[in-house]
Amino acid sequence: MRIGFASDHAGFNLKEQLRTLAEKQGYDVVDFGTNGTASVDYPDFAHRAAAGKDSWDRLVLVCGSGIGISIAANRHTCIRCALVTSVEHARLARSHNNANAIAIGQRISNFLDAKSFLEAFLKTEFEGGRHQQRIEKIDKW
């Protein structure tokens with residue numbers, strides 16, 4: 001599985017920790033930046049990661065709250081990004097919503113919690129069935 005990672009400056013440290021963890025676990029990793037803690041704009045990195053959709057299977061986005069970067073990512077029709085603040089969010093994002101991206105807030109979640117969110121996101125499969133018809137309705141508006 002190929003995992004994309006992107007963040008702004010406020011999510012850089014957590015993104016780096018999660019990216020390093022994923023690499024150590026043997027995942028192929030693509031890093032869309034940012035590459036430091038100098039102030040940058042989260043939409044730039046959400047859009048860069050979305051534009052690189054062909055290079056990843058799942059995407060992890062991090063900013064200060066997780067809110068802004070998830071909003072920016074969800075402007076792209078190829079992205080279903082869920083803001084996660086719990087393992088249950090991560091699991092349901094995959095199993096019910098077939099999310100291909102998650103957003104995490106560095107100011108909201110510590111590394112151990114974020115690690116458990118990432119693991120649930122990567123290991124949970126989409127259930128399909130009644131959930132598929134709901135997913136299909138998202139892009140109809």
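Analyst: Let's start with one residue. Leaving aside its neighbours within four places in sequence, I104 is in contact with L14, L18, V60, L61, V62, C63, S65, G66, V84, S109, A114 and F117. Keep in mind that this is a predicted model.

There's a second, separate core too, with 17 residues, and F45, L61, I69 and A101 are among them. As for I104, it belongs to the largest nonpolar core, a set of 21 residues, where L18, V60, V84 and I104 have the most contacts inside the core. Two or more residues each come from strand 1 (2-7), helix 1 (12-24), strand 3, helix 4, strand 5 and helix 5.

Now zoom out to strand 5 itself, residues 101-105: 5 of its 5 residues are buried. That goes for both faces, with A101, A103 and G105 on one side and I102 and I104 on the other.

What about the strands beside it? Strand 3 (residues 58-63) runs parallel to strand 5, joined by 5 bridges, and C63 sits opposite G105. Strand 4 (residues 81-83) also pairs with strand 5 in the parallel sense, over 3 bridges; there, A82 has I102 as its bridge partner.

Finally, strand 4, helix 4 (residues 87-95) and strand 5 form a right-handed β-α-β unit. In helix 4, the buried residues are A90, A93, R94 and S95, and they pack against strand 3, strand 4, helix 5 (111-123) and helix 6 (130-138).

Notes: Residues numbered from 1 in each chain as written. Predicted model: local features only at pLDDT ≥ 70, side-chain atom pairs only at ≥ 80, totals over all residues. Heavy atoms only, no water. Buried < 20%, exposed > 50% of the residue type's maximum accessible area, 1.4 Å probe, protein only. Helix = DSSP H or I, 4+ residues; strand = E, 2+ residues; numbered from the N terminus. Pairing = 2+ DSSP bridges. Right-handed = clockwise from strand over helix to strand, strands pointing away. Contact = heavy atoms within 4.5 Å. Core = buried A, V, L, I, M, F, W, Y, C linked by side-chain atoms within 4.5 Å.
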